[in-house]
Amino acid sequence: MNKTIKLFLIITSLNYGIVGCKEGELSPNKAGLLVPKTVVEDPSLPSIKINNVLLHAEAFGNPNNPILLILHGGPGNDYRYLLNCKKFVDDGFYVVFYDQRGSGLSQRLNKETYKINDLEIELGGVIDYYRKSPNQKVFILGHSWGGMLASIFINSNLTKINGAIIAEPGGLIWQDVKDYIGRAFRINFTSEALNDIAYQDQFLTGDENQHELLDYKFSLFAAAEKDSPIGNEVNTKFWRYGSVINRALLDLGDKQQPNWTTNLSQYKTKILFVYSQNNTAYGETHAKKVSSAYPNVQLELIKDSGHNMISFDKGWQNFYPVAKTYLNTLK
Amino acid sequence: MKNTIIKILLLLLIQRITNAQNINWRAFSQDQKHLIGVNTGLDYGLSYGVNYGRKLNTKLSMVLNGEFSLPSGNKVLEDFKVKMGVQLELIHSGNFSATVKVNGIFRRFENDYARLLNFGSEFATVAGYYKPRWYIAGEISFDKAIVTHIKHLSAALDNNPDLTTGWYIPTGGNFAYGIQSGMALGQKNDLNLKIGKLLNQNFKTEPTLPFYFQIGYNRRF
């Protein structure tokens, strides 16, 4: 063999050999190392089983009080950042939190099995699970994607919900969602935020359903939050993001171009629609456009807050009295 | 034997700590042994790089090369990449040339949540039409992130204190395919360009920025 090629092969094989012989390595696929275990891997976590999917869920307060169901954003986030809402227990509500399928600490499914309609059915299942009697009132507080999911449910179930607080949903028709996402995730090409999101792609890549690794990668995106136009005060608390369901629902939205407003004009109950002062990607114009699908809207600006207005002190202090007053008028 | 081992160790060292500038083998004159260059482009972010190459006196054309690059951003050296490797012209027939490149890679990434240190390797083949004044070629490569040390930082540990810091293996890999071209400017200078597409190793998903682009300037001496 030619000496040059021999030399080339020796260098190459030694190079690969040294790199490949690390001891004590960890597997990125092992639950609990890069991201917390879900309710499937950790039975000590509080959970409920809805439609054969194990969901991370908790409820606080008197089970016979009116239900206030809290819906997190994402898709794929978890309810940790909404735990301030436990305060509504003091106002006589039975406050229910759950991580939607594929999100937070709930069970993961393969990407091809996710359907938007299944999340709506799941929401109905959660209500049925906690509801003690047909007369028990049910209210929903949905933030961001949670506000969209609340509206999807109301659009299909006009009589089941006694009132709703909708906080900055991206949109209720797909084009509005796309427009908002485009503004919310606009990143300067020379910024550190772009590196925080994109540079990691050469370190970590996962197969389509490699949940642990993909959820971990998704969690690293959170570092770009502080440079985002959505205006949060600091980074938002979370347990674990669901990357696969996030990608799956965005892909389904692009494919199906849904319109979730078709029946909302028949929902005569007043809803409380809130938007934040510091989220420059949202604003009054978008808030009025999205909320106009409902015929009876109380539109409120939450001052000194960004998109996650319920999570941080200033936003919560301005949000809570408005939400409490609204809920008490319908309770 | 002793000399051979020393040579191999030296070459290994170089390969470990430096990559892959675009080379027009036909533009090299007999007395030119060195290549230095600068480049900028899209490489998992807006990237800037410098590179060096040393042409060896071997029967087949061979260059040891190194490259240092970092992405744009306000925290210098928080993220960077060092490639060191070797490229060998395996086939040269008329104006046709085929080259293989192998690079060792060390790279760093940091944000509020984690610091990643990765050892990886890149295997690439470039084949095309080469004239002394210009060339055009197709390129396909595989960049394997073999082992990554993940250190969870305060923002992550505040959320989840039980996360495990350590060496994770395997952590990923991306294919790249595209075209590259270049032209000689006088006897010593080259301008080159490459552009292409990135694909995750599962052939289904893509990186956040699924394209690469690089424009570079090299000087031979």
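Reply:
**A proline loop and its setting**

A:Pro75 sits in the loop of chain A between strand E3 (67–71) and strand E4 (94–98); helices (H or I, at least four residues) and strands (E, at least two) are DSSP runs, numbered from the N terminus. The peptide bond leading from A:Gly74 into A:Pro75 is cis, with omega near 0°. Residues are numbered from 1 along each chain as its sequence is written, and chains are lettered from A and ligands numbered from 1 in the order in which they are written. The model is predicted, so local features need pLDDT of at least 70 and side-chain atom pairs count only at pLDDT 80 or more, while totals for chains, interfaces and linings use all residues; side-chain values use heavy atoms, with hydrogens and water left out.

A:Leu105 lies between E4 and helix H2 (116–130) of chain A. With 4% relative accessibility, A:Leu105 counts as buried, where buried means under 20% relative accessible area, exposed over 50% and partly exposed in between (1.4 Å probe, protein chains only). A:Leu105 is in contact (heavy atoms within 4.5 Å) with A:Pro36, A:Lys37, A:Thr38, A:Val39, A:Leu45, A:His56, A:Asp99, A:Trp239 and A:Arg240, leaving aside residues up to four places away in sequence.

Now the interior. A nonpolar core is a set of buried Ala, Val, Leu, Ile, Met, Phe, Trp, Tyr and Cys residues joined through side-chain atoms within 4.5 Å. The largest one has 85 residues, and A:Leu69, A:Phe88, A:Tyr98, A:Leu123, A:Val126, A:Leu141 and A:Phe319 have the most contacts inside it. Helix H3 (residues 145–156) of chain A supplies the largest share of this core, seven residues. A:Leu141 touches A:Leu68, A:Leu69, A:Ile70, A:Leu71, A:Cys85, A:Phe88, A:Ile165, A:Ile310 and A:Phe319, again not counting residues up to four places away in sequence. A second, separate core of 27 residues includes A:Tyr199, A:Ala222, A:Ala223 and B:Phe109.

Chain A as a whole has nine helices and eight strands. Its radius of gyration, taken over C-alpha atoms, is 22 Å. The C-alpha trace spans about 85 × 45 × 35 Å along its principal axes. Of the 331 residues in chain A, 57% are buried. Among contacts with a separation of 6 or more, 76% join residues 24 or more positions apart. As for charge, Lys and Arg count as positive and Asp and Glu as negative, with His and the chain ends not counted. The place of a charge is taken as NZ of Lys, CZ of Arg, CG of Asp or CD of Glu. The mean positions of the 34 positive and 33 negative charges in chain A are 2 Å apart.

Chain B has two helices and 11 strands, in the order α-β-β-β-β-β-β-β-α-β-β-β-β from the N terminus on. Its C-alpha atoms fill a box of roughly 60 × 45 × 35 Å along the principal axes. Chain B carries 25 positive and 15 negative side chains, and the centres of the two sets lie 12 Å apart.

B:Tyr44, in the loop between strand E1 (34–42) and strand E2 (46–55), has a positive phi of about 55° although it is not a glycine; at 3% relative accessibility B:Tyr44 is buried. B:Leu77, in the loop between strand E3 (62–71) and strand E4 (80–93) of chain B, has a positive phi of about 70° and is not a glycine either. At 45% relative accessibility, B:Leu77 is partly exposed.

Last, a residue that touches both chains. B:Gly172 belongs to strand E9 (residues 172–185) of chain B and is buried, with a relative accessible area of 2%. B:Gly172 touches A:Phe203 and A:Thr205 in chain A, and B:Lys144, B:Ala145 and B:Gln201 in chain B, not counting residues up to four places away in sequence.

Key:
The radius of gyration is taken over C-alpha atoms; the globule rule is 2.2 Å times the number of residues to the power 0.38.
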